Amino acid sequence: MQNYHILWADDEIDLLKPFVLFLEKKDYKVTTVNNGADALEKIENQFFDLVFLDENMPGMSGLETLAQIKMKQPNLPVIMITKSEEEHIMEEAIGSKISDYLVKPIKTSQLLLAIKKILDNKRLVSEKTTQNYQQEFRQLAMAYQDDIDHEQWADIYKKLVFWELEIESTQNKDMFEVLDMQKSEANNNFVRFIRENYENWLNNPDIDKPILSHQLMRKKVFPYLKQTEPVFFILIDNLRFDQWRVIEPLILEIYKIEEEMMYYSILPTTTSYARNAIFSGMMPSDMAKYHADIWVQEDDEDGKNLQEEEFLRRQLQKNRINVKFSYHKVITQAQGRALLQQVNNLLSNQLNAIVFNFVDMLSHARTDSDMIRELMPDESAYRSLTKSWFMHSPLKDLLEKLAEKQVRVIITTDHGTIRVKKPFKIIGDKNVNTNLRYKQGKNLSFKDDDNVLVANKPERFMLPKINVSTTYVFATEDNFFAYPNNYNHYVSYYKDTFQHGGVSMEEIILPFVVLIPKR
């Protein structure tokens, strides 16, 4: 155990000698003083890992000493010890950022627990996390090798994300490597699951299947429009479940969860297909057939997501839902601020659909900008930047403003993203689309079908068929497509970037959360 140095300030320090001896036998070094002034002098000249501070000392009180300590060393942990249980003293101490609070008469077990919670917390949590994950590892590995359904796959993915965040907090690199291998194996089995079931989900109405993109509004959003409160449907583009998990605690400070579930994105897991499916309530082939005036084909140069408001309008009409609604897309801070100014007006709408595009822009920026690559080298940093964006975003401001109103807020996304690592060679003509995780076109040539999911009959995947020989090919797990021409440059540029469009748990299994204000 590391030899920690503790400063103990108490005007009755001589009476506490047995506790000091107890700690020294536990290999803690303890320096004692009997007033606040001496405590501050010691802190000026020596390094301490922890301070025990009596609240009721003559001269400079414990709370006054605490304020001075925090000014000098804001990160130095302080445990307040007092005879008083008065609430206002506790509140003032907690407000001054004490690390713990003990009431006299203290016991050696209390003292030791308080110390370990602060000084040994990281080590103890790391050891316990590692132990618990090792116990869960085998259960997870056995689970996804069985014949399991879509709900069980969602549970497996949620557990993997849970352990990813837990292990990340311990910074245990060995466990990270083990988890990474387990995620890779899970994705391999998930691809097999999608390969065996996805086509049936779309073509067999009688089988058990997850809620898919095109069913989301009708099944999970429209029922709330029957109630009196306005509904704010907020879609954060390209938000993975792990990213949701890191912003969720911030949101739950002011909201409580009314409903939480996972739904599945359609293929391709891209904005132009999955998000249009959400707002239209249709699969892409039906959008192309019944809304040819606003559906943009793959080979068209027009923007693929410029008609979401009209798609939503038509879906409401199709379902005979006659409500007042609005649609907003927020890409810039200025657009976010403008939306905030309209909140009171939006409350007169039964449905307000809002798309926030930042997370998708972040993943694309990482591909194009060396600086963003440096800031976001891995999933942990990706989550951290997502959290930082949210904390300073118009979305957080909007949620805080809505929390003051009697509204229901729904947060979801259209698809996730995966960090691609393995290039996969594919050949196509000049009209093939540029996405790295799926290709659509004719005369596509590749080897090794195990690394791709192929839709030779696009109509079975409910995808538009531009010509007779149109084929869709989806990259699986962490593969990405690369052309043989200028292969090495292409691979080095795109390897370890975050992409979407293919088949992985991260891209397909998505959060859907209904929130109501705590007030």
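Reply: Aspartate 54 stands opposite isoleucine 81 in β4. The model is predicted: local features need pLDDT of at least 70 and side-chain atom pairs pLDDT 80 or more, while totals for chains, interfaces and linings use all residues. Numbering starts from 1 along each chain as its sequence is written, and side-chain values use heavy atoms, without hydrogens or water.

Strands β3 (residues 50-54) and β4 (residues 78-82) run parallel and are joined by four bridges; pairing requires at least two DSSP bridges. Strands (E, at least two residues) and helices (H or I, at least four) are DSSP runs, numbered from the N terminus. The open sheet has five strands in the order β2-β1-β3-β4-β5, with parallel pairing. At its edges, β2 (29-33) and β5 (100-103) each pair on one side only.

Helix α7 (residues 150-170) has 21 residues and should span 30 Å at 1.5 Å a residue, which agrees with the 31 Å between its end C-alpha atoms; the expected span is 1.5 Å times one less than the number of residues. Its buried residues include Trp153, Tyr157 and Trp163, where buried means under 20% relative accessible area, with a 1.4 Å probe and protein chains only.

Threonine 497 lies in the loop between α20 (487-494) and β18 (498-499). Threonine 497 counts as buried because its relative accessibility is 0%. A polar atom of the threonine 497 side chain is 2.6 Å from the backbone oxygen of tyrosine 494.

Technical notes. Buried means under 20% relative accessible area, exposed over 50%, partly exposed in between (1.4 Å probe, protein chains only). A polar contact is a pair of N or O atoms within 3.5 Å; within protein, one must be able to donate a hydrogen and the other to accept it, and residues adjacent in sequence count only if both atoms are side-chain atoms.
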